[in-house]
Amino acid sequence: MFRLSNFVVGLANTLVMLVGASAIGYSIYMFVHHDVTDCESAIRAPLLTTGIILFLVSLIGVIGSCFKENVAMVSYLIILFAGILALMIFSIFLFFVTNKGAGHVVSGRVYREYHTVDFSTWLNGFVGGKRWVGIRSCLAEASVCDDLSDGRVSQIADAFYHKNLSPIQQSGCCKPPSDCNFQFRNATFWMPSAKNATTVATENGDCGEWSNVQTELCFNCNACKAGVLANIREKWRHLLVFNICLLVLLITVCSCGCRARRNNLAATESDRA
């Protein structure tokens with residue numbers, strides 16, 4: 001008799017197999033089509049690897065639960081237990097490395113600004129050295145500042161200062177840092193104040209890095225790196241919440257898997273009798 005626990009494990013793994021197959025298919029699509037950007041191509045190999053792992057592990061789970069193969073079910077449970085343990089360790093690690101970096105309130109602005117020193121050393125490694133060259137290229141490719149160039153917000157300073165911007169836009173990739181005291185012309189065009197023109201660059205190195213060339217802006221600024229770090233931190237925080245939900249699901253599936261294994265053993269003994 002096909003037990004409920006076997007059905008739950010089989011159904012859950014069938015759904016994961018579909019996700020894995022989709023990931024494999026999309027990664028192959030990106031390998032075959034050469035019109036994807038450099039930023040998109042960076043995820044091809046990790047996506048393919050993740051898809052293959054998900055597909056194979058789920059296949060083992062389906063074989064063990066639906067075809068009552070006890071060896072496959074034991075292998076699946078060992079892999080699942082190791083995955084749960086690794087996910088717990090990774091989630092604890094994520095909590096600590098993303099605990100810093102809440103940002104600084106700027107007077108008269110609804111958005112926050114960030115500094116690289118606000119973030120953990122581990123996170124700073126994402127924007128260090130040669131990595132930043134690739135990230136900067138991706139920012140330019142993605143045209144992250146283009147949506148600031150249209151509408152009322154782009155032309156009126158007060159509207160700009162009270163707009164909720166993304167961390168990348170608000171911290172310094174698309175505008176100079178607030179302490180540079182540049183004069184607003186439009187959302188992506190700023191001029192240094194006359195009285196600060198000769199001294200502002202020495203107070204904040206990013207002030208001298210600002211360019212009104214629309215393909216450069218402040219992509220070379222440390223403030224831009226901080227904005228990217230804030231964005232990464234936000235994504236990792238979302239991932240942390242997802243991991244906790246995933247842990248609950250995996251523990252439930254593991255519990256059902258243990259019951260399914262007992263059902264398989266009982267069925268085997270019944271067949272022998």
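The sulfur of Cys66 lies 13 Å from the closest cysteine sulfur, that of Cys256, which is too far for a bond, given that a disulfide is taken to be a pair of cysteine sulfur atoms within 2.5 Å. Cys66 is partly exposed, with a relative accessible area of 34%, where buried means under 20%, exposed over 50%, and partly exposed in between (1.4 Å probe, protein chains only). Cys245 is likewise in no disulfide, and the nearest cysteine sulfur, again that of Cys256, is 18 Å away.

The model is predicted, so that local features need pLDDT of at least 70 and side-chain atom pairs count only at pLDDT 80 or more, whereas totals for chains, interfaces and linings use all residues. Residues are numbered from 1 along each chain as its sequence is written, and side-chain values use heavy atoms, with hydrogens and water left out.

The sulfur atoms of Cys173 and Cys224 are 1.9 Å apart, and the torsion about their S-S bond is about 95 degrees, so the disulfide is right-handed. Cys173 is buried, as is Cys224.

In the link of Cys180 and Cys207 the S to S distance is 1.9 Å, and the torsion of -95 degrees about the S-S bond makes it left-handed. Cys180 belongs to the loop between helix 9 and strand 3, while Cys207 belongs to helix 11 (residues 205–209), the two being 27 residues apart. Both Cys180 and Cys207 are buried.

The largest pocket has a volume of about 1600 Å³, a volume being the space filled by probe spheres set on grid points that are joined across faces, edges and corners. On a 1 Å grid over the protein atoms alone, a pocket is an open set of points with protein on both sides within 12 Å along at least five of seven lines, and lining residues have an atom within 4 Å of a point.

Of the 42 residues lining the largest pocket, Thr50, Leu54, Leu239, Phe242 and Asn243 are the closest to its centre. Among the elements that give two or more residues to this lining are helix 1 (4–32), helix 3 (44–66), helix 4 (70–97) and helix 12 (222–272), and helix 12 gives the most, with 11 residues. The lining draws at least three residues from each of domain 1 (1–66) and domain 2 (93–272), bounds that come from an automatic or database domain assignment.

Helix 1 has 29 residues and reaches 42 Å from its first C-alpha to its last, close to the 42 Å expected at 1.5 Å a residue, where the expected span is 1.5 Å times one less than the number of residues. Its buried residues include Asn6, Val9, Asn13, Met17, Ile24 and Met30.

Note on methods
1 Å grid on protein atoms, 1.4 Å probe; cavity = no way out; pocket = protein on both sides within 12 Å on 5 of 7 lines; lining within 4 Å. Helix = DSSP H or I, 4+ residues; strand = E, 2+ residues; numbered from the N terminus.
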